[in-house]
Amino acid sequence: MFSKTVTLSAYLPVLIQFVLAAGIAVVILVANRLFGQRAAKHPRKDSAYECGMDPIGDPHPRFSVKFYLTAMLFILFDLEVVFLLPAVLVYREFVVANLPIVLPVLFFTLLLTFGLWYELRKGAIDWER
């Protein structure tokens with residue numbers, strides 16, 4: 001069921017996809033630079049349009065660091081699901097192939113649990129502070 005030997009030719013489609021993606025991105029950026037329209041800089045036209053009213057105040061409000069920290073923690077624990085779900089879905093195949101999967105999954109879970117404990121201890125999620 002599982003092949004223990006993997007050759008480099010098995011990764012050739014992935015390499016081709018990366019090269020094509022990078023090539024398309026470069027072609028789009030170069031075409032934009034060569035053929036794109038360039039507008040003259042004008043302070044009135046470059047200002048934000050607020051329904052005909054001149055903008056008042058700071059255009060970029062400052063966000064609390066806790067907002068960014070909460071977003072980063074969400075991404076971190078969202079990625080946990082991305083890495084654990086495939087392990088759960090192929091657990092039987094790993095057991096049949098006699099490949100150990102429980103210890104790496106437990107290590108990963110314990111590492112994330114330690115990270116959550118550390119964040120809670122440092123007060124990263126405490127909004128009152």
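Asn 98 is found in the loop between H4 and H5. Helices here are DSSP runs of H or I with at least four residues, strands are runs of E with at least two, and both are numbered from the N terminus. Phi of Asn 98 is positive, near 60 degrees, although the residue is not glycine. Most residues other than glycine have a negative phi. At 66% relative accessibility, Asn 98 counts as exposed. Buried means under 20% relative accessible area, exposed means over 50%, and partly exposed lies in between (1.4 Å probe, protein chains only).

The model is predicted: local features need pLDDT of at least 70, side-chain atom pairs count only at pLDDT 80 or more, and totals for chains, interfaces and linings use all residues. Residues are numbered from 1 along each chain as its sequence is written, and side-chain values use heavy atoms, with hydrogens and water left out.

The protein has five helices and zero strands. Along the sequence, the pattern reads α-α-α-α-α. Of its 129 residues, 8% count as buried. The accessible surface comes to about 12300 Å². Carbon and sulfur atoms hold 70% of that surface. Accessible areas come from the Shrake-Rupley method with a 1.4 Å probe; for residues, only the protein chains shown count as cover. Contact means heavy atoms within 4.5 Å. Among contacts between residues at least 6 apart in sequence, 67% join residues at least 24 apart.

Helix H3 covers residues 65–89. Its 25 residues should span 36 Å at 1.5 Å a residue. The end C-alpha atoms of H3 are 37 Å apart, which agrees. The expected span is 1.5 Å times one less than the number of residues. The buried residues of H3 are Lys 66, Leu 73, Glu 80, Leu 84 and Ala 87. They pack against helix H4 (91–96) and H5.

Helix H5 was examined in the same way. Its 21 residues should span 30 Å, and its end C-alpha atoms are 30 Å apart, which agrees. Glu 119 lies in H5 (residues 102–122). Glu 119 is buried, with a relative accessible area of 19%. Beyond its neighbours within four places in sequence, Glu 119 is in contact with Leu 69, Leu 73, Ala 124 and Ile 125. H5 is followed by Gly 123, whose phi is positive, near 80 degrees.

The structure holds three aromatic pairs. Rings of Phe, Tyr and Trp (its six-membered ring) pair if their centres lie within 6.5 Å; planes under 30 degrees apart count as stacked, over 60 as edge-to-face and the rest as tilted. Phe 67 and Tyr 68 form an edge-to-face pair, at 5.4 Å centre to centre and 75 degrees between the planes. Phe 67 is partly exposed, at 45% relative accessible area. Tyr 68 is also partly exposed, at 44%. The rings of Phe 83 and Phe 108 have centres 6.0 Å apart and planes at 80 degrees, so this pair is edge-to-face. Phe 83 lies in H3 and Phe 108 in H5, so the pair ties together parts that are 25 residues apart in sequence. Phe 83 is exposed, with a relative accessible area of 55%. Phe 108 is partly exposed, at 24%.

A nonpolar surface patch of about 590 Å² is made by Val 6, Leu 8, Tyr 11, Val 14 and Phe 18. Patch residues have over 30% relative accessible area and no salt bridge; like charges are joined within 9 Å, and nonpolar side chains (Val, Leu, Ile, Met, Phe, Trp, Tyr) within 5 Å. A salt bridge is a side-chain nitrogen of Lys or Arg within 4 Å of a carboxyl oxygen of Asp or Glu. Tyr 11 is found in the segment before helix H1 (12–35).
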